[in-house]
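User: Please take a close look at the aromatic rings of this protein. I would like to know how they pair and where the pairs sit.

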Amino acid sequence: MSDELNNSPVVRNDLFGRLDIYASFDDIDEGNIVQELNSALIADAMNLSQRQLNRKVNSVLGIDTASYIRQMRIHKAQELLLETEDPVGDIGYNCGFESSSYFSKIFRQHTGLTPSEYRKKHSPQ
């Protein structure tokens, strides 16, 4: 798993020499490891301490690393809900949520809908 991260172009700098946090997280997400994603893994892949990572994420995105990872997991879950017919609990687990009730709670906080409601509302008829 960490080999997958180390082989991806995780760190990029913009014109001002700042870390491109969005590109870094997108590259990590491309490795399909959302389920196991955590700040320690990201920090290691970016050759940063967790504290450095948290400061950079906060300065660029205005939120903490855990919140951004949670957003990434919800975004991936939204994709899977619309692109597959997998059970909601399986999607939650595959996106890094260990219980379906916690997944539903966090999903609803982010989208205003339960995962099932989201699937019904946004799936093509």
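Analyst: A residue is called buried under 20% relative accessible area, exposed over 50%, and partly exposed in between, with a 1.4 Å probe and protein chains only. By that rule, 38% of the 125 residues in the protein are buried. This is a predicted model, in which local features need pLDDT of at least 70 and side-chain atom pairs count only at pLDDT 80 or more, while totals for chains, interfaces and linings use all residues. Residues are numbered from 1 along each chain as its sequence is written, and side-chain values use heavy atoms, with hydrogens and water left out.

The protein has eight helices and zero strands, where helices (H or I, at least four residues) and strands (E, at least two) are DSSP runs numbered from the N terminus.

Turning to the rings, those of Phe, Tyr and Trp (its six-membered ring) pair if their centres lie within 6.5 Å, and planes under 30 degrees apart count as stacked, over 60 as edge-to-face and the rest as tilted. Four aromatic pairs are found in the whole structure. One of them joins F97 and F103 in a tilted arrangement, with 5.2 Å from centre to centre and 45° between the planes; F97 and F103 are both buried. Another pair, F107 with Y118, is edge-to-face at 5.4 Å centre to centre, with 80° between the planes. Because F107 belongs to helix α7 (residues 100–111) and Y118 to helix α8 (residues 115–122), this pair ties together parts that are eleven residues apart in sequence. F107 and Y118 are likewise buried. Ring pairs link F97, F103, F107 and Y118, together with Y102, into a cluster.
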